[in-house]
Amino acid sequence: MKKRIVIVLHQETSTPGRVGMKLIQKGYELDIRKPALGEALPDNIEDYAGAIIFGGPMSANDDCEHDYVRTEIDWISKPLDTGVPFLGICLGGQMLARHLGGKVFGFPDDRAEIGYYGISETAEGAAYGPWPQKVYQWHREGFELVDGAVCLATSQGHFPHQAFRYGDTAFAIQFHPEVTQKMMNRWLVKAEERLALPGARPRDSHFSDRFVHDPSVDVWLDRFLDDWLATAQAPVSVLAAE
């Protein structure tokens with residue numbers, strides 16, 4: 001059984017957080033790559049059980065400014081073409097949308113989702129649930145759905161598409177289930193200025209909402225990772241199964 005997962009991060013101090021911890025607990029080895037720091041992505045994707053591209057402060061539209069952004073977007077073809085499970089989280093999900101020809105968009109006033117916001121699973125998304133009522137967000141851009149993508153979760157805000165599946169093995173989520181308490185503290189200090197953006201939640205609510213909603217995020221994530229990894233072993237479409 002393939003037991004390695006490619007983990008793509010974007011800053012020197014970045015970690016895969018709770019996602020990484022759960023994968024290690026499930027017996028997987030993490031192969032961490034940071035193309036933004038000059039590290040290469042693996043060509044032999046067939047040797048891996050999955051691939052995850054995490055978030056970062058850059059934009060998926062920065063491919064003309066940063067070569068590594070274009071490299072990552074193009075590299076997504078490797079897991080998609082081979083059926084290796086792929087997961088994009090926030091920026092990574094936006095990269096998947098761009099790879100598929102979709103649009104990644106923001107707003108002129110830089111309105112954002114920073115803090116906890118409500119989401120709702122779709123009928124198709126219920127197969128990977130029950131989903132948490134609120135999830136932790138940290139973004140100023142969102143993705144549009146491309147033809148053939150299956151929406152799994154939505155919200156009532158300015159970024160209505162919160163999760164989608166493409167094919168049987170590729171998934172994108174807009175929110176951050178990987179965030180630990182330590183990571184949240186660090187983001188709130190290092191990027192404190194973003195709390196002033198339109199739509200951002202006040203600092204205190206990040207902590208109070210985490211106390212209420214993080215347990216359900218943790219339960220959902222554990223099941224979701226199992227379902228995601230299993231797509232490589234039995235790639236049966238949720239829609240076909242219905």
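**Close-up views of a predicted model**

P42 is buried, with a relative accessible area of 3%. The views below are all taken from a predicted model.

**View A. Surroundings of P42.** P42 sits in the loop that links strand 2 (29-33) to strand 3 (50-53). Leaving aside residues up to four places away in sequence, the contacts of P42 are V6, R33, Y48, W75 and K78. One of these, K78, is 36 residues from P42 in sequence, while their C-alpha atoms are 9.4 Å apart in space.

**View B. The largest nonpolar core.** This core has 31 residues, and those touching the most other members are I5, L23, I52, L87 and W131. At least two core residues come from each of strand 1 (4-8), helix 1 (17-25), strand 4 (86-89), strand 10 (149-154), strand 12 (170-173) and helix 6 (203-230). Helix 6 gives the largest share, 7 residues. Apart from this core lies another, of 27 residues, with L41, Y48, M58 and W75 among them.

**View C. Contacts of W131.** With residues up to four places away in sequence not counted, W131 touches I119, E121, G125, A126, L152, A153, A163, F175 and W220. W131 is also among the residues that touch the most other members of the largest nonpolar core.

**View D. Packing of helix 5 against helix 6.** The axes of helix 5 (residues 181-190) and helix 6 are 11 Å apart and meet at an angle of about 170°. Because angles over 145 degrees count as roughly antiparallel, helix 5 is described as roughly antiparallel to helix 6. On the helix 5 side, the contact is made by Q181, M184, N185 and L188. Helix 6 contributes R203, H206, F207 and R210. By type, the residues of this contact divide into 3 nonpolar, 3 polar and 2 charged.

**View E. C90 and C151.** The structure holds 0 disulfides. Both residues are buried, C90 with a relative accessible area of 5% and C151 at 15% relative accessibility.

**View F. Helix 4 and its two ends.** C90 lies in the loop between strand 4 and helix 4. Its phi is positive, about 55°, although C90 is not a glycine. Helix 4 (residues 91-99) is mostly covered, with 7 of its 9 residues buried. The buried residues of helix 4 are L91, G92, G93, Q94, M95, L96 and A97. Just after helix 4, G101 has a positive phi of about 95°.

**View G. The loop holding D110.** D110 is found in the loop between strand 5 (104-105) and strand 6 (113-118). Phi of D110 is positive, near 60°, in a residue other than glycine. Is D110 buried or partly exposed? At 33% relative accessibility, D110 counts as partly exposed.

**View H. The cis peptide bond at P130.** P130 is located in the loop between strand 7 (120-121) and strand 8 (134-139). The peptide bond from G129 to P130 is cis, and its omega is near 10°.

Notes. Residues numbered from 1 in each chain as written. Predicted model: local features only at pLDDT ≥ 70, side-chain atom pairs only at ≥ 80, totals over all residues. Heavy atoms only, no water. Helix = DSSP H or I, 4+ residues; strand = E, 2+ residues; numbered from the N terminus. Buried < 20%, exposed > 50% of the residue type's maximum accessible area, 1.4 Å probe, protein only. Contact = heavy atoms within 4.5 Å. Core = buried A, V, L, I, M, F, W, Y, C linked by side-chain atoms within 4.5 Å. Axes fitted to C-alpha atoms, helices over the stretch in contact; angles between N-to-C directions. Parallel < 35°, antiparallel > 145°, perpendicular 65-115°, else oblique. Nonpolar A, V, L, I, M, F, W, Y, C, P; charged D, E, K, R; others polar. Disulfide = S-S within 2.5 Å.
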